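Work through the exercises below with the sequence and the 3D view at hand. Try each task before reading its solution.

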Amino acid sequence: MAVAHTPETYAKAWIPFLDRERTIAKPGYSRWMIPPAALCVHLCIGQAYAFSVFNLPMTKLLGVTQSAPGDWKLTELGWIFSIAMLFLGLSSAVFGRWVEEGGPRRAMFTAACCWASGFLISALGVHLHTLWLIYLGYGVIGGCALGIGYISPVSTLMKWFPDRPGMATGMAIMGFGGGALIASPLSVWLMSKFQTATDVGVFNTFLVLGCVYFCFMMFGAYIVRVPADNWKPKGYVPAAVSSKKLVTTNNVFVYDAVKTPQFWLVWVVLFVNTTAGIGVLGQASAMSQEMFPGHITAIAAAGLVGLMSLFNMGGRFSWASLSDYIGRKNTYFVYMCLGFALYITVPYAGGSGNVVLFVCCFLIIVSMYGGGFSTVPAYLRDLFGTRYVGAIHGILLTAWSAAGIAGPVLINYIREYNVTHGVPKAQAYNTTMYIMASLFVIGFICNACIKAVNSKYHMTSDKTGKVGDSALSPSTAKA
Amino acid sequence: MEDVEHSTTPAYMILLAWSIAGIPLLAGVTQTMINAMKLFQ
């Protein structure tokens, strides 16, 4: 029988290790091996949040002790992170289906190669003092690694943990929040070790990080497995899950999912939650010092930012785990209602000089920001089934990219407008807080409008023509 | 199919996998908590 020579068959012949079939777990493989596999990838790509530690040293590559003529400016370097975030959204949307159909190992391997080569190309860019190489390396190639790596373990985890999908994805996405906590001190330490009288140490640090991250991510790719057909955890009764109103045991094809109103309602809900959180997260240091002059110093503000990182990470696990008990829709209702109340409270806390109340508000807001990310894959799984949830999740992440622009713009530009119109700095954020609160009202309405997906969108046959997928629903099987 | 997971994947493998992912994370969390304490000083 003739074999069609497609890129897929070549890849199978050359790198059989990456085949989806090779990753199907043998009976007895522990599902508790999968969260650390996912963490190995997410902890590495989570470094993106800590990239700013390189900004200042990279403005002194020529001058070493201080910026010299010809050295890069902070505004030029700021584009590296922006490009990476842009390509995160683009690649997760474009490669989502490829990731879903090719299996987690191939996606993790690709992410590891892109992430490591992104650092190596950036190191070359530093060595040659060529900024576009860093845009290409960390921004474009690294950004693709972010997108592919972020979605790679999501659907696999939910197939292994059908009884606790929120907790499972929460564990992985917690890693993305935690990656910066490791990368920031590690990068500073490495730069201090490699620093000499003529070198700020960025080149060698990039080389080491690229190699270390590659090994970590490959370990994740090595131990990841997909469950065998019809596997289910002990004591798990799917009927109990399908009895919930929103939860389906059917599957929706990725490009049909984007035609449903539910997809766009979830998109708006995620956009609102992320816009609110990202604005606060990025400006917390400056905002806290300006709202409480004399009470919160620059050092204390740095402590607040650290505490917020911990709550961002912890919220990803705890809120997503809670959603397994109270349901995804209710969890987002909590985000929207609590978020509204907290944003209304922040101006009051500032006006009354109540630092403790202010800090508590920010910590809960940022925990819900993280929780929004980790709860959404399980929300999509409830609505659209597990078959294409990774690909659908990839497209949904465009809400993150959009919020990445909207959040900081709302905070910065409205503050700037207020300050130039004579509003005291301590009160310059109040309008933004009220706008954020009103965004939560929109999010609340959208969340309330989410109903079960119309059965006309359910897959009646496997559109890819592939068989043997453990996630195929009863409706697929009976077709 | 029944889940017989812990009978065949050795416990040390699970521990090793969690250690590889967990130890760097714990170190990062500890370092961040030390820095965060500055808020209360």
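The exercises that follow concern a predicted model.

**Exercise 1.** Locate A:V64 and decide whether A:V64 is buried, partly exposed or exposed.

Solution. 
1. A:V64 sits in the loop that joins α3 (55-58) to α4 (74-102) in chain A.
2. The count of C-beta neighbours inside 10 Å of A:V64 is 17.
3. A residue is buried at 20 or more such neighbours and exposed at 12 or fewer, so A:V64, with 17, is partly exposed.
4. The phi of A:V64 is near 65°, which is positive although the residue is not glycine. Most residues other than glycine have a negative phi.

**Exercise 2.** Describe chain B and the side of chain A that touches chain B.

Solution. 
1. Chain B has 41 residues, of which 24% are buried; its secondary structure consists of 2 helices and 0 strands.
2. Contacts link 31 residues of chain A with 27 residues of chain B.
3. On the chain A side, at least two residues each come from α2 (34-45), α8 (165-194), α9 (202-223) and α13 (298-326).
4. α13(A) gives the largest share, 9 residues.
5. Sorted by class, this side of chain A holds 21 nonpolar, 7 polar and 3 charged residues.

Conventions:
Residues numbered from 1 in each chain as written. Chains lettered and ligands numbered in written order. Predicted model: local features only at pLDDT ≥ 70, side-chain atom pairs only at ≥ 80, totals over all residues. Helix = DSSP H or I, 4+ residues; strand = E, 2+ residues; numbered from the N terminus. Contact = placed C-beta atoms within 7 Å. Nonpolar A, V, L, I, M, F, W, Y, C, P; charged D, E, K, R; others polar.
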